[in-house]
Amino acid sequence: MSEVSTRAWTRPHDWAEVVIGVVAALSPLWLSTDSTAAWTMVVLGVLIALDGLVSLAMPGMVYGEGVQIALGVLLFIAPWVMGYTEFNGASWTSWIAGVLTVIAGAAAMPVANAAHRTAGQH
């Protein structure tokens, strides 16, 4: 697993983060939202997807997984903080995507640490 995790574009955790981010960003297209909910989901979804892409391109970058966890937490609490809990679809999408992002980021942390250690050896 260590060999695969040091190669760019091969880590499934990061691909999952990209997919979760894209789904969150595009979900206002098929969910009932207001502008606050839509923009919150688009911005956080794009940030999650971009961070996943950066982690895919640079597998030894450990702090990217920490950023991913923080973005997942922000997406999870967004319905309450941004006030769109009355939109059930948008709220549930934020909660589920937020939890999945935190899980993917936490699962990728040991893999990123191993890749970082391996990349540091010459």
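Mentor: Accessible areas come from the Shrake-Rupley method with a 1.4 Å probe, and for residues only the protein chains shown count as cover. On that basis the protein chain exposes about 6,200 Å², of which carbon and sulfur atoms supply 74%. This is a predicted model, in which local features need pLDDT of at least 70 and side-chain atom pairs count only at pLDDT 80 or more, while totals for chains, interfaces and linings use all residues. Residues are numbered from 1 along each chain as its sequence is written, and side-chain values use heavy atoms, with hydrogens and water left out.

Trainee: How many helices and strands does the protein chain have?

Mentor: The protein chain has 5 helices and 0 strands, and its elements run α-α-α-α-α from the N terminus on. Helices (H or I, at least four residues) and strands (E, at least two) are DSSP runs, numbered from the N terminus.

Trainee: What makes Asp 14 buried?

Mentor: Buried means under 20% relative accessible area, exposed over 50%, and partly exposed in between (1.4 Å probe, protein chains only). Asp 14 has a relative accessible area of 0%, so Asp 14 is buried. Asp 14 is found in helix α2, residues 12-26. Of the 122 residues of the protein chain, 41% count as buried.

Trainee: Which side chain is joined to that of Asp 14 by a polar contact?

Mentor: The side chain of Arg 11 is joined to that of Asp 14 by a polar contact of 2.7 Å. The term requires a pair of N or O atoms within 3.5 Å; within protein, one must be able to donate a hydrogen and the other to accept it, and residues adjacent in sequence count only if both atoms are side-chain atoms.

Trainee: Which residues are in contact with Asp 14, leaving aside its neighbours within four places in sequence?

Mentor: Contact means heavy atoms within 4.5 Å. With those neighbours set aside, Asp 14 is in contact with Gly 52, Ser 55, Leu 56, Glu 65 and Ala 108. In the protein chain, residues 24 or more positions apart account for 70% of the contacts with a separation of 6 or more.

Trainee: At what angle do the axes of α2 and α3 cross?

Mentor: The axes of α2 and helix α3 (residues 35-57) cross at roughly 160° and come within 7 Å. That makes α2 roughly antiparallel to α3. Angles under 35 degrees count as roughly parallel, over 145 as roughly antiparallel, 65 to 115 as roughly perpendicular and the rest as oblique. Axes are lines fitted to C-alpha atoms, for helices over the stretch in contact, and angles run from 0 to 180 degrees between N-to-C directions.

Trainee: Why are α3 and α4 called roughly antiparallel?

Mentor: α3 and helix α4 (residues 63-81) pack at an angle of about 165°, with their axes 10 Å apart. They are therefore roughly antiparallel to each other.

Trainee: What makes Ile 48 buried?

Mentor: The relative accessible area of Ile 48 is 0%, so Ile 48 is buried. Ile 48 has its place in helix α3. Not counting residues up to four places away in sequence, Ile 48 touches Glu 17, Gly 21, Gln 68, Leu 71, Leu 75 and Thr 101.

Trainee: Where is Leu 31 placed?

Mentor: Leu 31 lies in the loop between α2 and α3. The C-alpha atoms of Leu 31 and Phe 87 are separated by 8.5 Å, although these residues are 56 residues apart along the chain.
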